[in-house]
Amino acid sequence: MSTPRVLLVLALCGPPLAAQGARPGPGGLTAFRPQHGAGYAPFPRSAVPDLLEEDLERGPGIRVNGPGESDPAGEDDLVEVTVVRALRGAGGPGGRGVISLVLERGAPELALWTTRTKQVGTGLAFTGNRTAELDFGGAETLTLWAEWTGAAGATPALTLRALEGDALLDRLRFHAFRGLVVALGGEGQTPQVPVDPNHGTFVIGIELEQRGYDVLMRDEDEVDAAGAGPVYTEVVNAIQERGVAEIAVFGYSHGGGSTHDLCERLDAFRLAIGTFAIGFTSYVDGVQNDSDVDIDMELRRPPSSGYHANHYQRGTFADFFLDGGAVPSSQPPPTGLDVETIFWGVGATHFVVDDFDEVSDFIHLNLAARVAR
Amino acid sequence: MSPTKIAVLLALVAATLAPAAPPQGTPAPLEADPVLQQSIQRVLSAASEAEQRAALEALRAVPPARLVPQLFLFSNEASDTRAAMVLAFVVHELPLTEDRLVQALLPLLEGADAARRRALGGVLSAVERRSLDGADFQAYRDHVEGRELAPGLARYLFETEPNAALRLVARAQVVGQDELRPLLWAEHEVADALWKLDFGFVAPTDVARLEPGAIEELGRLARHPRWWARLYAAEIAGRAPSLARDVSLEALRRDENALVREAALGSR
C-alpha cells in the first residue's frame, strides 16, 4: 500500500487504533472553546471533542473579530488550535522522517497566528488559502490561534493536509457566533474554576459552552440597578462589533433581577445599539436587584424577551423568606412554575431551587430552541 | 438552650460590645469583629424561626454604626447566596433605615479600593433610586452640605453617576445663585446631550455639529475653579469623548486635585 493510502487509512481509523493502545494516530487538529479575557476563566480550558470537530452547532465556535474592535476584556476573540505531528514518514535518518503538513482554510477571512494577541509578524502566510509547510520547530505540537473576520453565522473550515498525496488528515468546522448567552448567578456566587456544583446557573453556563454557545458568566453585581455595567458593555460590543444578533439572558435570585435590568436597558437603548433580539430569558427564584439589600420578588417580565421561563418557590424562615413569584406571560404558562407544587420540588428553598435538574433541563431545551449559537 | 436564653445571652454580649462603637463621623475600621461575626452567624444557622428571631433581637441591641459594617463584611466575603443575603435579611427585619445605612457605610468609602467601592455601592444603591434616567443622590445631602467634601465620597459619587453627583454637590456647596445657575445649566446641557447619545438620537460623529452647547459647557466645567466641577468634566470626557472637544485632558492630568488627576488618567 502506498504511503498516502496508509496515511489515509490511519486518518480514518485513528481513534479506534489509539483506543487499542496502538502508536499515536495521525497528526490532527484540536480546537478549544472560546477564550475569556486573558485566558479561559471562569471556564476551564477545554478541547472540542474529536467527534464534534465538524459539528455545525456543538463544534468549535469562533467570535467575529470586528475591524477595529477593542474587546472590553482584552483581545480574546481568537480560538486556540493545536496541531499534533504524530505521523512519521519513511524518509529521514533511520526512516523516522516526518510528514510535511499544511493547513488549508475555507475562506480568506480565516487567519492563523502563532500568538494569541496577534503580535506583528506572527501571522501565517497563505497562498491560495493554503499555508506553507508547518514549522513545528522540533516539537510534536504546534499551537495556533484562529481569527475570523468574516460574517457571523458563517461556518469556515480549517483542514490539515499531508503534502505527500495531498491526504486530508483532519478538519475543523467553526461556527461564527451569532448568539450570546448571559448567565448571572445569585448574591455571593462568583463564577470560578472548577464550578461550584451548588451554583446551578453557572453549571448550566458551562454546559452551554460545551454545547457550542458563547457564554458570558458573570457576577450579577456587574449589572447595576439601571442595567449598566461591564455586562451591558460586553453585550453591546458583541452586537455592534461581532455581528451578534440573538441574546439569551438567565439568572438566579438577584441574578434574576439583574436579568430584568439588563434586558430593560438593552431594550431602551436599542436604537443606539443596533439590531438584536432577546430570544430567551429565565428567572430562577428571581429577586429584584436594586441593591444588595433588595429582597422584593422580581415579578416584572424582562422587556422585549421573546420567551421567558420562570421557576420559583415560596420562602420560609429557612431561606430568609426569599422567593420569586408569578411573572406574567411566562413559561410554563401562564406565569411560570411554583416548583413546590410538583413532586420533585416539594419543600424546596431559595438556596436549592437553582440546582434542580428539572429547572436546568427546562432552560437548556427552551434556550436551544430559540437562540442561535 | 432555649431561644429565650440564647436571646438574653446574645443581648448581653451585644450590650458589652456597644460602648466600643466608634463615635459618629469617625471612620469605622473595616476589620472583622469575631464576636459580632458569630452573632451574625447565629442568624444564619438558626434551627427554628424562634431561634432566628432571638438572634435578630441580639443584633438589634448593637448600634447600627457598628453593626452595619460587620454585616457588610459578613455578606461581602460570603461564597454562597445564603450567607450573602444575611445583610439584606437583617436590614429588613430589624429594620435599619436608609439613613442608618448611609451613616454607617459612607465612612467606609474613605480609602476604599475599587473593589470595596463597588461592593459598598451595591448596598448604597438601595438609597440612590438608580434608573435608566440616572440616579438620585439626595440621601447623601447631609453628608455634603456645609462641610468639606470627603474625597472617598466624592470619588464614589462622580464615578457612579457624574450628573447626579454634580447636581447634588453644586446645590449643597454653592450658596450664591450667580455661581449655581451656570453650574446647573452646564450639567443640564451635558446631560441632555448624553441622553441623546444613549438613546441614539445623536450619533457620536454628529455631536460636534448638533451639540455645540454641551461641548462648550463641558469645556467650561473642565476649567472651573471648583475641583469637583473639573472632576465631573474628567469623568464625562472618559465616558463620552465626542463631547470633550473643548476639554484639555492634559491639563486635567496635571490638576492640583488628586481625584481630578486620577479620573483624567483613567487610573482607578
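1. Helices are DSSP runs of H or I with at least four residues, and strands are runs of E with at least two.

2. The model is predicted: local features need pLDDT of at least 70, and side-chain atom pairs count only at pLDDT 80 or more. Residues are numbered from 1 along each chain as its sequence is written.

3. From α11(B), the contact (heavy atoms within 4.5 Å) draws on Leu183(B), Trp185(B), Ala186(B), Glu189(B), Val190(B) and Ala193(B), and from α13(B) on Gly213(B), Ala214(B), Glu217(B), Leu218(B) and Leu221(B).

4. Leu124(B) belongs to helix α8 (residues 114-124) of chain B. The residue is buried, at a relative accessible area of 1%; buried means under 20%, with a 1.4 Å probe and protein chains only. Beyond neighbours within four places in sequence, its contacts are Val102(B), Leu105(B), Leu106(B), Leu109(B), Tyr140(B) and Tyr156(B). The C-alpha atoms of Leu124(B) and Val102(B) are 7.0 Å apart, although 22 residues separate the two along the chain.

5. Chain A contains six helices and 17 strands. Of its 373 residues, 56% count as buried. Among contacts in chain A with a separation of 6 or more, 72% join residues 24 or more positions apart.

Key:
Chains lettered and ligands numbered in written order. Heavy atoms only, no water. Buried < 20%, exposed > 50% of the residue type's maximum accessible area, 1.4 Å probe, protein only.
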